[in-house]
Amino acid sequence: MRKHTGPLFYVGLLLFVFLVMFPFLWILLAAWKPPAELFGERAFHFIIENPSFDNFVRVFTERPFARYLWNSTVVATLTTLYSITIASFAAYAIAWLSFRGKTIILGVVLAVSMFPQIATISPIFMFMQSMGLTNSYIGLIIPYTTFALPLAIWNLTIFFRKIPSDLGEAAKVDGASIWQTMTKVFFPLAMPGVFTTAILVFIAAWNEFLFALTLNTQETMKTVPVGIVMFQGMFTIPWGEISAASIIVTIPLVVMVLIFQKRIVSGLTSGAVKE
(Lines give C-alpha, C1' and ligand atoms only; values in the text may rest on other atoms or scores of the structure.)
Protein backbone atom coordinates (compact mmCIF):
# COMPACT_ATOMS: atom_id res chain seq x y z
CA MET A 1 0.00 0.00 0.00
CA ARG A 2 1.43 3.37 -1.04
CA LYS A 3 2.15 5.80 1.76
CA HIS A 4 1.13 9.43 1.38
CA THR A 5 3.92 11.96 1.73
CA GLY A 6 3.38 14.56 4.39
CA PRO A 7 3.99 18.32 4.27
CA LEU A 8 7.42 17.87 5.88
CA PHE A 9 8.59 16.02 2.77
CA TYR A 10 7.64 18.89 0.47
CA VAL A 11 9.22 21.45 2.81
CA GLY A 12 12.46 19.47 2.74
CA LEU A 13 12.23 19.11 -1.03
CA LEU A 14 11.76 22.85 -1.52
CA LEU A 15 14.68 23.56 0.80
CA PHE A 16 16.89 21.13 -1.13
CA VAL A 17 15.95 22.69 -4.49
CA PHE A 18 16.60 26.17 -3.12
CA LEU A 19 20.05 25.20 -1.85
CA VAL A 20 20.93 23.60 -5.18
CA MET A 21 19.65 26.55 -7.23
CA PHE A 22 20.93 29.30 -4.93
CA PRO A 23 24.28 29.87 -6.72
CA PHE A 24 22.53 30.15 -10.09
CA LEU A 25 19.86 32.48 -8.67
CA TRP A 26 22.53 34.67 -7.08
CA ILE A 27 24.44 34.94 -10.37
CA LEU A 28 21.17 35.75 -12.16
CA LEU A 29 20.49 38.59 -9.72
CA ALA A 30 24.03 39.91 -10.06
CA ALA A 31 23.72 39.92 -13.85
CA TRP A 32 20.71 42.29 -13.67
CA LYS A 33 22.07 44.59 -10.98
CA PRO A 34 23.66 47.92 -11.89
CA PRO A 35 27.12 48.60 -10.41
CA ALA A 36 25.61 50.74 -7.63
CA GLU A 37 23.66 47.74 -6.31
CA LEU A 38 26.42 45.15 -6.76
CA PHE A 39 28.45 46.69 -3.97
CA GLY A 40 27.61 48.45 -0.76
CA GLU A 41 24.64 47.91 1.51
CA ARG A 42 22.38 46.56 -1.28
CA ALA A 43 24.86 43.89 -2.40
CA PHE A 44 23.03 41.14 -0.48
CA HIS A 45 19.48 42.23 -1.32
CA PHE A 46 17.30 39.93 -3.41
CA ILE A 47 15.12 42.76 -4.69
CA ILE A 48 16.65 44.83 -7.51
CA GLU A 49 15.56 48.47 -7.41
CA ASN A 50 16.86 49.40 -10.87
CA PRO A 51 17.27 46.27 -13.00
CA SER A 52 19.54 46.87 -15.95
CA PHE A 53 20.39 45.02 -19.16
CA ASP A 54 23.70 46.86 -19.46
CA ASN A 55 25.82 43.95 -18.22
CA PHE A 56 24.56 41.72 -21.04
CA VAL A 57 25.12 44.49 -23.61
CA ARG A 58 28.67 45.21 -22.45
CA VAL A 59 29.56 41.51 -22.67
CA PHE A 60 29.02 41.64 -26.46
CA THR A 61 29.95 45.26 -27.22
CA GLU A 62 33.08 45.74 -25.12
CA ARG A 63 34.45 42.19 -25.36
CA PRO A 64 34.66 39.57 -28.15
CA PHE A 65 32.26 37.30 -26.29
CA ALA A 66 30.42 36.25 -29.47
CA ARG A 67 33.74 34.93 -30.76
CA TYR A 68 34.27 33.00 -27.53
CA LEU A 69 30.83 31.41 -27.92
CA TRP A 70 31.56 30.44 -31.52
CA ASN A 71 34.92 28.90 -30.59
CA SER A 72 33.40 26.84 -27.77
CA THR A 73 30.52 25.71 -29.98
CA VAL A 74 32.81 24.56 -32.80
CA VAL A 75 35.29 22.78 -30.54
CA ALA A 76 32.66 21.10 -28.33
CA THR A 77 30.54 20.01 -31.31
CA LEU A 78 33.42 18.56 -33.32
CA THR A 79 34.86 16.87 -30.23
CA THR A 80 31.48 15.28 -29.52
CA LEU A 81 30.94 14.07 -33.10
CA TYR A 82 34.45 12.66 -33.36
CA SER A 83 34.42 10.98 -29.94
CA ILE A 84 30.94 9.49 -30.34
CA THR A 85 31.74 8.10 -33.80
CA ILE A 86 34.98 6.41 -32.71
CA ALA A 87 33.54 5.30 -29.36
CA SER A 88 30.48 3.72 -30.98
CA PHE A 89 32.59 1.33 -33.06
CA ALA A 90 35.00 0.66 -30.20
CA ALA A 91 32.20 0.04 -27.69
CA TYR A 92 30.38 -2.33 -30.05
CA ALA A 93 33.56 -4.32 -30.64
CA ILE A 94 34.36 -4.51 -26.93
CA ALA A 95 30.81 -5.44 -25.98
CA TRP A 96 29.96 -8.04 -28.64
CA LEU A 97 32.95 -9.18 -30.65
CA SER A 98 35.26 -11.94 -29.45
CA PHE A 99 38.95 -11.06 -29.51
CA ARG A 100 41.87 -11.18 -27.14
CA GLY A 101 42.78 -8.22 -24.99
CA LYS A 102 39.33 -6.69 -24.43
CA THR A 103 39.93 -6.40 -20.71
CA ILE A 104 43.34 -4.83 -21.32
CA ILE A 105 41.83 -2.28 -23.70
CA LEU A 106 39.19 -1.28 -21.16
CA GLY A 107 41.88 -1.05 -18.51
CA VAL A 108 43.98 1.23 -20.72
CA VAL A 109 40.94 3.41 -21.44
CA LEU A 110 40.25 3.69 -17.73
CA ALA A 111 43.91 4.46 -16.97
CA VAL A 112 44.00 7.23 -19.59
CA SER A 113 40.85 8.82 -18.16
CA MET A 114 42.38 8.82 -14.67
CA PHE A 115 45.44 10.90 -15.64
CA PRO A 116 45.10 14.47 -14.32
CA GLN A 117 45.25 17.16 -16.99
CA ILE A 118 48.07 18.98 -15.25
CA ALA A 119 50.27 15.88 -15.67
CA THR A 120 49.75 15.77 -19.44
CA ILE A 121 49.55 19.45 -20.35
CA SER A 122 53.33 19.91 -20.79
CA PRO A 123 53.96 17.14 -23.38
CA ILE A 124 50.69 17.96 -25.15
CA PHE A 125 51.68 21.62 -25.42
CA MET A 126 55.15 20.76 -26.73
CA PHE A 127 53.64 18.40 -29.32
CA MET A 128 51.01 20.91 -30.46
CA GLN A 129 53.61 23.67 -30.66
CA SER A 130 55.99 21.54 -32.74
CA MET A 131 53.15 20.62 -35.11
CA GLY A 132 51.95 24.21 -35.39
CA LEU A 133 48.52 23.38 -33.98
CA THR A 134 48.38 25.90 -31.15
CA ASN A 135 45.73 28.62 -31.51
CA SER A 136 43.56 26.39 -33.69
CA TYR A 137 40.41 24.31 -33.34
CA ILE A 138 42.14 21.04 -34.14
CA GLY A 139 44.74 21.88 -31.50
CA LEU A 140 42.00 21.70 -28.86
CA ILE A 141 39.97 18.84 -30.34
CA ILE A 142 42.93 16.44 -30.24
CA PRO A 143 43.73 16.87 -26.51
CA TYR A 144 40.03 17.00 -25.67
CA THR A 145 39.78 13.39 -26.82
CA THR A 146 42.02 12.40 -23.89
CA PHE A 147 39.01 12.76 -21.60
CA ALA A 148 36.08 12.69 -24.06
CA LEU A 149 36.90 9.41 -25.80
CA PRO A 150 37.41 7.30 -22.64
CA LEU A 151 34.17 8.70 -21.21
CA ALA A 152 32.28 7.85 -24.38
CA ILE A 153 33.77 4.35 -24.72
CA TRP A 154 32.96 3.40 -21.13
CA ASN A 155 29.38 4.68 -21.29
CA LEU A 156 28.59 3.20 -24.70
CA THR A 157 30.11 -0.17 -23.80
CA ILE A 158 27.70 -0.39 -20.88
CA PHE A 159 24.75 0.52 -23.09
CA PHE A 160 25.70 -2.01 -25.80
CA ARG A 161 26.06 -4.78 -23.23
CA LYS A 162 22.51 -4.14 -22.01
CA ILE A 163 21.08 -5.02 -25.42
CA PRO A 164 19.83 -8.65 -25.45
CA SER A 165 22.31 -10.95 -27.17
CA ASP A 166 19.45 -12.84 -28.84
CA LEU A 167 19.02 -9.96 -31.29
CA GLY A 168 22.58 -10.27 -32.51
CA GLU A 169 22.29 -14.05 -32.86
CA ALA A 170 19.03 -13.68 -34.78
CA ALA A 171 20.70 -11.22 -37.16
CA LYS A 172 23.55 -13.69 -37.78
CA VAL A 173 21.06 -16.46 -38.52
CA ASP A 174 19.39 -14.18 -41.08
CA GLY A 175 22.73 -13.72 -42.79
CA ALA A 176 23.54 -10.21 -41.57
CA SER A 177 27.17 -9.18 -41.56
CA ILE A 178 28.90 -7.60 -38.57
CA TRP A 179 28.41 -4.15 -40.14
CA GLN A 180 24.71 -4.76 -40.80
CA THR A 181 24.19 -6.13 -37.29
CA MET A 182 25.89 -3.11 -35.82
CA THR A 183 24.17 -0.42 -37.89
CA LYS A 184 20.68 -1.92 -38.26
CA VAL A 185 20.21 -3.76 -34.98
CA PHE A 186 22.43 -2.43 -32.21
CA PHE A 187 22.82 1.24 -33.08
CA PRO A 188 19.07 2.01 -33.28
CA LEU A 189 18.51 0.32 -29.90
CA ALA A 190 21.49 2.14 -28.38
CA MET A 191 20.43 5.61 -29.54
CA PRO A 192 19.20 6.73 -26.08
CA GLY A 193 22.59 5.83 -24.67
CA VAL A 194 24.36 7.55 -27.57
CA PHE A 195 22.38 10.75 -26.97
CA THR A 196 23.11 10.63 -23.25
CA THR A 197 26.82 10.09 -23.83
CA ALA A 198 26.92 12.84 -26.45
CA ILE A 199 25.38 15.30 -23.98
CA LEU A 200 27.94 14.38 -21.31
CA VAL A 201 30.85 14.69 -23.75
CA PHE A 202 29.58 18.02 -25.08
CA ILE A 203 29.23 19.48 -21.58
CA ALA A 204 32.71 18.26 -20.62
CA ALA A 205 34.24 19.82 -23.76
CA TRP A 206 32.21 23.03 -23.35
CA ASN A 207 33.43 23.55 -19.77
CA GLU A 208 37.07 22.52 -20.28
CA PHE A 209 39.51 25.18 -19.08
CA LEU A 210 43.14 24.07 -18.68
CA PHE A 211 43.85 22.91 -22.25
CA ALA A 212 42.04 25.92 -23.71
CA LEU A 213 43.99 28.30 -21.46
CA THR A 214 47.36 26.78 -22.36
CA LEU A 215 47.02 25.96 -26.06
CA ASN A 216 44.96 28.87 -27.40
CA THR A 217 46.47 32.15 -26.27
CA GLN A 218 45.24 34.40 -29.08
CA GLU A 219 42.23 36.53 -28.17
CA THR A 220 40.28 35.38 -31.23
CA MET A 221 40.77 31.68 -30.39
CA LYS A 222 39.83 31.66 -26.71
CA THR A 223 36.88 29.61 -25.54
CA VAL A 224 34.13 30.75 -23.19
CA PRO A 225 35.61 29.56 -19.84
CA VAL A 226 38.95 31.21 -20.59
CA GLY A 227 37.32 34.36 -21.95
CA ILE A 228 35.20 34.84 -18.82
CA VAL A 229 38.23 34.44 -16.56
CA MET A 230 40.05 37.11 -18.58
CA PHE A 231 37.28 39.64 -17.94
CA GLN A 232 38.96 40.82 -14.76
CA GLY A 233 41.31 43.76 -14.99
CA MET A 234 44.35 44.77 -12.99
CA PHE A 235 42.42 46.73 -10.36
CA THR A 236 38.76 45.78 -10.84
CA ILE A 237 36.67 42.67 -11.32
CA PRO A 238 33.48 43.27 -13.36
CA TRP A 239 31.21 40.95 -11.41
CA GLY A 240 28.13 42.10 -13.31
CA GLU A 241 29.61 41.24 -16.69
CA ILE A 242 31.01 37.94 -15.42
CA SER A 243 27.58 37.01 -14.06
CA ALA A 244 25.86 37.98 -17.31
CA ALA A 245 28.36 35.95 -19.35
CA SER A 246 27.85 32.95 -17.04
CA ILE A 247 24.09 33.12 -17.58
CA ILE A 248 24.53 33.33 -21.36
CA VAL A 249 26.89 30.33 -21.34
CA THR A 250 24.45 28.26 -19.29
CA ILE A 251 21.51 28.85 -21.64
CA PRO A 252 22.69 26.54 -24.50
CA LEU A 253 23.27 23.68 -22.06
CA VAL A 254 19.85 24.14 -20.44
CA VAL A 255 18.11 24.33 -23.82
CA MET A 256 19.96 21.24 -25.06
CA VAL A 257 18.99 19.23 -21.97
CA LEU A 258 15.35 20.35 -22.24
CA ILE A 259 15.17 19.38 -25.92
CA PHE A 260 16.67 15.94 -25.39
CA GLN A 261 15.40 15.28 -21.86
CA LYS A 262 13.28 12.29 -22.92
CA ARG A 263 16.22 10.64 -24.65
CA ILE A 264 18.52 11.44 -21.74
CA VAL A 265 16.14 9.90 -19.19
CA SER A 266 15.63 6.91 -21.47
CA GLY A 267 19.38 6.51 -21.83
CA LEU A 268 20.06 6.80 -18.12
CA THR A 269 17.39 4.24 -17.25
CA SER A 270 17.91 1.80 -20.12
CA GLY A 271 19.17 -1.50 -18.92
CA ALA A 272 18.26 -0.78 -15.32
CA VAL A 273 15.88 -3.74 -15.46
CA LYS A 274 16.88 -6.52 -17.81
CA GLU A 275 14.16 -8.92 -18.83
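Visitor: How many Å separate the centres of domain 1 and domain 2?

Guide: The two centres, taken over C-alpha atoms, are 32 Å apart. Domain 1 covers 7-51 and domain 2 covers 61-270, with bounds that come from an automatic or database domain assignment. Keep in mind that this is a predicted model, where local features need pLDDT of at least 70, side-chain atom pairs count only at pLDDT 80 or more, and totals for chains, interfaces and linings use all residues. Residues are numbered from 1 along each chain as its sequence is written, and side-chain values use heavy atoms, with hydrogens and water left out.

Visitor: What elements is the chain built from?

Guide: Helices and strands here are DSSP runs numbered from the N terminus (H or I for helices, at least four residues; E for strands, at least two). This chain has 14 helices and zero strands. Its C-alpha trace spans about 75 × 70 × 30 Å along the principal axes.

Visitor: How many residues of each domain are in contact across the interface?

Guide: Contact means heavy atoms within 4.5 Å. By that rule, seven residues of domain 1 touch seven residues of domain 2.

Visitor: And how much area do domain 1 and domain 2 bury between them?

Guide: The size of an interface is often given as the accessible area lost when the parts come together. Buried area is that loss, found with a 1.4 Å probe and summed over both parts. Here domain 1 and domain 2 bury about 540 Å², with 85% of it on carbon and sulfur atoms. On the domain 1 side, F24, I27 and A31 supply 58% of the area buried against domain 2, more than any other three residues.

Visitor: Which helix gives the most to that side of domain 1?

Guide: Helix 1 (residues 7-32) does, with five residues. The side of domain 1 that touches domain 2 divides into seven nonpolar residues, no polar and no charged. For that sorting, Ala, Val, Leu, Ile, Met, Phe, Trp, Tyr, Cys and Pro count as nonpolar, Asp, Glu, Lys and Arg as charged, and the others, Gly among them, as polar.

Visitor: How many salt bridges cross between the two domains?

Guide: Side chains of opposite charge can pair when their charged atoms come close. The rule asks for a side-chain nitrogen of Lys or Arg within 4 Å of a carboxyl oxygen of Asp or Glu. Across the interface of domain 1 and domain 2, it finds zero.

Visitor: How many salt bridges does the rule count in total?

Guide: The count comes to three. One of them pairs E241 with R58, with the closest N and O atoms 3.2 Å apart. That pair links distant parts of the chain, as E241 is in helix 13 (residues 239-259) and R58 in helix 3 (residues 54-61), 183 residues apart. R63 also forms a salt bridge with E241, at 2.8 Å between the closest N and O atoms. R63 lies in the loop between helix 3 and helix 4, so its pairing with E241 ties together parts that are 178 residues apart in sequence. Put together, R58, R63 and E241 are linked in a network of salt bridges.

Visitor: Is E241 buried or exposed?

Guide: Buried means under 20% relative accessible area, exposed over 50%, and partly exposed in between (1.4 Å probe, protein chains only). E241 has 8%, so E241 is buried. R58 counts as partly exposed at 21%, and R63 counts as partly exposed at 22%.

Visitor: Which residue does K222 pair with?

Guide: K222 forms a salt bridge with E219, the closest N and O atoms being 3.0 Å apart. K222 is buried, at 10%, whereas E219 is partly exposed, at 38%.

Visitor: What share of the chain is buried?

Guide: Buried residues make up 38% of the 275 residues. S72 is one to look at, since at 3% relative accessibility S72 counts as buried. You'll find S72 in helix 4 (residues 65-96). Not counting residues up to four places away in sequence, S72 touches W206, T223, V224 and P225.

Visitor: Where does N135 lie?

Guide: Look in the loop between helix 6 (117-130) and helix 7 (138-161). Phi of N135 is near 55 degrees, a positive value in a residue other than glycine.

Conventions
Buried area is the accessible area (1.4 Å probe) that two parts lose on being put together, summed over both.
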